[in-house]
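Here's a quick briefing to read with the structure open beside you. Take it one topic at a time and find each residue as you go.

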Amino acid sequence: MMKTQTADTVIDAKSFEAIAHLAYRESGLQLAVEKTSMIQSRLRHRLRALNISDFENYSAFVCSDEGRQERRHMISALTTNVSHFFREKHHFDRLQKCVTRDFLPRLRNGDRVRIWSAGCSNGQEAFSIAMSLLEVAPDIGEMDIRILATDIDSTVIGFSKAASYPDRLTSGIPNELLQKYFVKRTEKEETVFCANEKLRSLIRFNELNLLSEWPMRHSMDVIFCRNVVIYFDVETQNRLWPRFHQILHPDGILFLGHSERIADPQATGFETDGPTTYRPMNASGQISLEPRGQ
Ligand SMILES: C[S@@+](CC[C@H](N)C(=O)[O-])C[C@H]1O[C@@H](n2cnc3c(N)ncnc32)[C@H](O)[C@@H]1O
């Protein structure tokens, strides 16, 4: 019989290595030895949930065939899901210029526009994109434009689908937009803001591991992949860039997080087009609004 796990169960070096190897293989996440205590505390509730006494037994279980389902919980526990509404506002300003100058004429011609929030966490990025679109064109939901928002973590996808944000998570939303696009409610004695139907109908949330096959059939016009690859090593990042290039429309845009860069953009077919902004090389220039190389 398993012993009851105590709050201070520590991870041994061998179990750490096995878990780190598994997390890397499954999701690209790099677990640094310096972060051992954080990783330990993030995983302790998994030991409790499974009534497993120590990390040695946990790592053996999660690495086994029977542990397949637990791997998803483990990845969910290990991912960092911090996000904010309108994080790095300049990307949303840039998006609005694209909508006005390029997307609306195309949409009014019956064309399709697709925007991908890759690594969307709790959905703040996708809802910020949706608000940006609606602020430019309130009738945009009637056209063929959709936001695909994906994450490896099923917990955040469930949260995003519910679209109900506690007051403390709404700080990035300007008051005017909060009034316009969210309904204030009380849930379990807490004030929450629920995204209204106009916002929700623009977005499809789905679970997707960026390292696995992508099921999308159409090209993307804009990809937001911000504050995700920072947790990957260069090798994993370098495997991702050509895939983004391949799925991006020739005039598309890729936004990365403020501390993320494509190490060698030219080698992967990209050129920089503003701060942490990339576009495929040899694009027609239709939606480039900034002088090149900024
Ligand atoms: C820090 S959040 C970034 C959220 C949002 N993009 C932003 O910038 O605010 C990083 C997200 O990437 C997700 N993630 C990590 N590895 C992933 C992978 N292999 N595939 C898909 N999503 C992944 C995590 O689950 C987490 O929700």
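What follows covers the ligand and its surroundings, then the aromatic pairs. Keep in mind that this is a predicted model.

**Who's around the ligand**

- Arg87 has a polar side-chain atom 2.7 Å from one of the ligand's oxygen atoms.
- Asn227 also uses its side chain: a polar atom there lies 2.8 Å from an oxygen atom of the ligand.
- With Leu210, look at the backbone instead, where an N or O atom is 2.8 Å from a nitrogen atom of the ligand.
- So how much of the ligand does the protein bury? On its own the ligand exposes 600 Å², and the protein buries 99% of that.

**Aromatic pairs**
- The count of aromatic pairs comes to 13.
- One of them joins Trp116 and Trp214, with ring centres 4.9 Å apart.
- The planes of Trp116 and Trp214 are 80 degrees apart, and planes over 60 degrees apart count as edge-to-face, so this pair is edge-to-face.
- Where do the two partners sit? Trp116 is in strand E1 (residues 113-118), while Trp214 is in the loop between strand E6 (203-207) and strand E7 (220-225).
- The pair therefore ties together parts that are 98 residues apart in sequence.

Definitions and conventions
Residues are numbered from 1 along each chain as its sequence is written. This is a predicted model: local features need pLDDT of at least 70, side-chain atom pairs count only at pLDDT 80 or more; totals for chains, interfaces and linings use all residues. Side-chain values use heavy atoms; hydrogens and water are left out. A polar contact is a pair of N or O atoms within 3.5 Å; within protein, one must be able to donate a hydrogen and the other to accept it, and residues adjacent in sequence count only if both atoms are side-chain atoms. Accessible areas come from the Shrake-Rupley method with a 1.4 Å probe; for residues, only the protein chains shown count as cover. Rings of Phe, Tyr and Trp (its six-membered ring) pair if their centres lie within 6.5 Å; planes under 30 degrees apart count as stacked, over 60 as edge-to-face and the rest as tilted. Helices (H or I, at least four residues) and strands (E, at least two) are DSSP runs, numbered from the N terminus.
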